[in-house]
Amino acid sequence: MSIKTVVVPDLGGAETVDVIELSLAVGDNVELEGALLVLESDKATMDVPSPFDGQLVKYLVAEGDTVKVGDAIAELETIASSDDAPEDKPEASADLVLAPESPVETSIEIVETVEASPTQAQAPVELKSQSPAAVVEESQTEDEEADIYAGPSVRMLARELGVQLGVVRGSGPRGRILRDDVNDYVKAALAESSSPMQVASTGIAEVPTIDFSQFGTIDTVKMTKIQKVTAANMQRNWLNVPHVTQFDEADTTDMDSFRKSLKAEGDARGIRISPVAFLIKAIAIALQENPVFLRSLAGDGENYIQKHYCNIGMAVDTPRGLVVPVIRDVANMGLWDIAAAVTEFAGKAREGKLKPADMQGGCFTLSSLGAIGGNGFTPIVNAPEAGILGVSKAQIKPVWDGQEFQPRLMLPLALSYDHRLVNGGDAGRFITQIVKLLSDVRHLAL
Ligand code: CAO
């Protein structure tokens with residue numbers, strides 16, 4: 001083992017450079033090509049890499065010193081294995097980082113000295129007052145990264161820790177980001193994430209956990225799997241989708257008369273036909289004519305998917321929670337088929353007999369609370385679908401026919417849609433068509 005002195009390599013034209021970072025502590029081991037220190041000229045920064053595996057004995061310069069080619073900068077003790085390296089080993093290439101206009105490669109020389117002979121550190125030079133030239137890594141392509149003032153070793157550390165340097169405050173000369181700045185940033189982030197003001201990944205402060213028993217008697221009840229999945233899906237959809245809800249009413253007086261007139265035939269077929277079957281048929285037609293509602297955003301943020309099939313999900317209220325079976329290829333189904341599917345899927349849902357495949361592939365969802373009540377609600381889009389129709393309880397209302405008020409069975413509709421995919425005009429046309437189809441069911445047959 002011997003002690004070797006490392007000197008400043010060829011600076012690619014620069015006469016003097018500043019020492020802006022000492023990358024190691026005395027006694028640290030450093031591998032071949034590992035960063036020893038960082039130098040900076042007016043136009044570039046460069047890591048000076050170690051020419052062999054070794055241990056830092058001492059630095060011969062201090063941060064802020066100005067050095068020139070050939071100045072001794074550090075003493076390294078070679079580690080046994082690399083000490084045997086041939087003397088004519090190729091010069092290690094310095095990791096030089098230069099502004100694009102002067103792409104120069106440099107090398108580092110090794111001066112062997114048997115004894116350690118400390119070199120006097122030069123007096124610190126005054127920092128230049130003008131703003132520094134942009135510091136750019138050759139490998140960088142992102143413009144914003146080019147504006148960040150940090151050396152290659154700091155950039156590497158930030159990459160390893162997953163830190164965006166743009167958000168780190170630099171405490172070095174002229175705002176330069178140092179290794180300690182990156183480490184401090186990570187420590188602060190970790191401390192913040194474990195503080196009482198913990199934020200969810202959404203950036204929204206979490207609802208505080210409260211001991212309700214201090215206010216009265218309580219039970220803590222385990223949620224069903226369906227309830228847990230529904231809670232997660234609702235939160236995901238509510239937070240991800242920019243919702244708009246549009247309202248309207250359909251005059252379903254004639255539709256209801258027609259539906260009732262089908263009762264005998266339904267009994268003969270063994271099929272109960274409810275307003276839900278008409279709604280699903282109307283939605284299928286409106287989807288065909290307004291295919292914007294058959295879109296989903298692609299995960300890449302660049303594209304959307306246009307579906308050419310028509311599967312409609314139907315929210316079903318069950319004792320275990322909300323489930324949404326999907327009726328497939330509705331565009332090619334008649335009213336009786338749809339009514340049969342509604343009964344079958346609602347039954348399976350309540351009996352817990354739906355298979356995962358029965359709940360996949362939906363393009364649009366119907367949530368009908370009509371049998372339960374209420375005169376309006378804003379449904380949450382079942383993302384990645386583009387829209388959902390919420391239906392409330394039909395009620396007899398006085399409707400002006402131009403001469404007098406008529407008692408009509410008005411069905412409240414609420415169309416929620418993902419405003420990233422659907423514009424207000426699209427939604428207006430869609431719900432208007434639904435209203436038209438339900439108000440005159442002859443259109444359902446067209
Ligand atoms: N207005 C007035 N009456 C209505 C109606 C409406 N909008 N919709 C249905 N009805 C009537 C039906 O006509 C039926 O009465 P009749 O037997 O006299 O004809 C009665 O309500 C019962 O209907 P139903 O609930 O048995 O069946 P359905 O086909 O209307 O609905 C289903 C099926 C599965 C959609 C429904 O049972 C259901 O579960 N709805 C809840 C959906 C839900 O939970 N949505 C919220 C999701 S987000 O939390």
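Helices (H or I, at least four residues) and strands (E, at least two) are DSSP runs, numbered from the N terminus. The model on your screen is predicted, so local features need pLDDT of at least 70 and side-chain atom pairs count only at pLDDT 80 or more, while totals for chains, interfaces and linings use all residues. Residues are numbered from 1 along each chain as its sequence is written, and side-chain values use heavy atoms, with hydrogens and water left out.

**Two loop residues with positive phi**

Begin by selecting Asp329, which sits in the loop between strand 17 (326–327) and helix 9. Although Asp329 is not a glycine, its phi is positive, at about 55°. Asp329 is partly exposed, with a relative accessible area of 38% (buried means under 20% relative accessible area, exposed over 50%, and partly exposed in between, with a 1.4 Å probe and protein chains only).

Next select Glu33, in the loop between strand 3 (29–30) and strand 4 (35–40). Glu33 also has a positive phi, near 80°, in a residue other than glycine, and with a relative accessible area of 44% Glu33 is partly exposed.

**Helix 8 and helix 9**

Now display residues 275–289, which form helix 8, together with residues 335–351, which form helix 9; the two pack at an angle of about 120°, with their axes 9 Å apart. Axes here are lines fitted to C-alpha atoms, for helices over the stretch in contact, and angles run from 0 to 180 degrees between N-to-C directions. Helix 8 and helix 9 are therefore oblique to each other, given that angles under 35 degrees count as roughly parallel, over 145 as roughly antiparallel, 65 to 115 as roughly perpendicular and the rest as oblique.

Within helix 9, pick out Phe345, which is buried, with a relative accessible area of 11%. Where the chain comes back to this residue, the C-alpha atoms of Phe345 and Pro325, 20 residues apart along the chain, are separated by 6.4 Å.

Being four residues apart in helix 9, Glu344 and Lys348 are separated by about one helical turn. Elsewhere, salt bridges that share partners join Asp251, Asp254 and Arg408 into one network.

Move to helix 7 (residues 263–269), where Asp267 and Lys263 both lie, four residues apart, about one turn of the helix. Their side chains form a salt bridge whose closest N and O atoms are 3.2 Å apart; Asp267 is exposed at 51% relative accessibility, and Lys263 is exposed at 52%.

Then select Glu249 and Lys397, whose side chains meet in a salt bridge (2.4 Å, N to O). Glu249 lies in strand 11 (residues 243–251) and Lys397 in strand 20 (residues 395–400), so the pair ties together parts that are 148 residues apart in sequence. Glu249 counts as partly exposed at 30% relative accessibility, and Lys397 counts as partly exposed at 32%.

**A cis peptide bond**

Finish at Pro384, in the loop between strand 18 (364–368) and strand 19 (387–391). The peptide bond from Ala383 to Pro384 is cis, with omega near 10°.

Methods
Salt bridge = Lys/Arg side-chain N within 4 Å of Asp/Glu carboxyl O.
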